[in-house]
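Here is a friendly walk through the model shown below. Keep it open as you read.

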Amino acid sequence: MTATQGRPAAGDGTNGDLAAESPGAGEGSAGRSDTVAGVVGQWRVVRPELDTGPMEIVGRVNRCAALLQQAESAPLRRAGLSRPEFDLLGALMRTGHELTPGELARETFSSGAAVTKRLKVLTERGLVERRGDTRDRRVSHLRLTDAGRDLVDAVMPEQLAYEGAVLSPLDDDRQNELADLLGELLSRLEGHLRTRQP
């Protein structure tokens, strides 16, 4: 499935850039004209016996995620942060207490190696500080510095406003409907994955 591929979002990552993204691949099923619809239409020509219904959902979720990652919002870019780095800062802020690197990895759905790399950057910038465990030297506890807390406080409202602008083509009712559907799917996927873990 190649529906998540395509040209990167251009410009400075504003809502206008995303809205201006051309469908490119032509019109697909049910009168839709986004990129995934074009991919689905192509598959229906070469393999008409295939049920492409799942591709209509999974492909669009992946494509939306890819475009949002490519766009990189202006608030984070101005603050010199990547989204994964901001997620770490946000986790330390919203939980309200110190976290170990392992706990941070779970909170942000990241690998331990990725968290270690990001923490090095954030610590060097003076946004996060470590405290050694008094009982186990192998364990460290992490918390925001005053500078880190101030940065999250400043960036979070701007980031939410940016994300609101991205979603603005959908009215409130449609956004709530989408949130409910995605929440239901996510809950089922998380439950399914948990039951499969040893």
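The chain as a whole averages a pLDDT of 83, with 80% of the residues scoring at least 70. Residues 1–17 have a pLDDT below 50, and this stretch has 38 contacts beyond near neighbours in sequence.

This is a predicted model, in which local features need pLDDT of at least 70 and side-chain atom pairs count only at pLDDT 80 or more, while totals for chains, interfaces and linings use all residues. Residues are numbered from 1 along each chain as its sequence is written, and side-chain values use heavy atoms, with hydrogens and water left out.

Next comes the loop between helix 2 (35–46) and helix 3 (53–71), which holds arginine 47 and also threonine 52. Helices (H or I, at least four residues) and strands (E, at least two) are DSSP runs, numbered from the N terminus. Buried means under 20% relative accessible area, exposed over 50%, and partly exposed in between (1.4 Å probe, protein chains only). The two loop residues compare as follows.

| Residue | Relative accessible area | Class |
|---|---|---|
| Arginine 47 | 38% | partly exposed |
| Threonine 52 | 5% | buried |

The side chain of arginine 47 makes a polar contact of 2.4 Å with that of glutamate 49; such a contact is a pair of N or O atoms within 3.5 Å, and within protein one must be able to donate a hydrogen and the other to accept it, with residues adjacent in sequence counting only if both atoms are side-chain atoms. Beyond its neighbours within four places in sequence, threonine 52 touches Val40, Trp43 and Arg44.

Now to the strands. Strand 1 (residues 128–132) pairs with strand 2 in the antiparallel sense over five bridges; pairing requires at least two DSSP bridges between two strands. Arginine 131 has histidine 141 of strand 2 as its bridge partner. Four of the five residues of strand 2 (residues 140–144) are buried, so this strand is largely enclosed by the rest of the structure.

Finally, the largest nonpolar core has 21 residues, and Leu81, Leu89, Leu104 and Val128 have the most contacts inside it. Such a core is a set of buried Ala, Val, Leu, Ile, Met, Phe, Trp, Tyr and Cys residues joined through side-chain atoms within 4.5 Å. Helix 5 (83–95) gives the largest share, five residues. Leaving aside neighbours within four places in sequence, valine 128 has contacts including Leu89, Leu92, Leu119 and Leu142.

Conventions: Contact = heavy atoms within 4.5 Å. pLDDT = per-residue confidence, 0-100.
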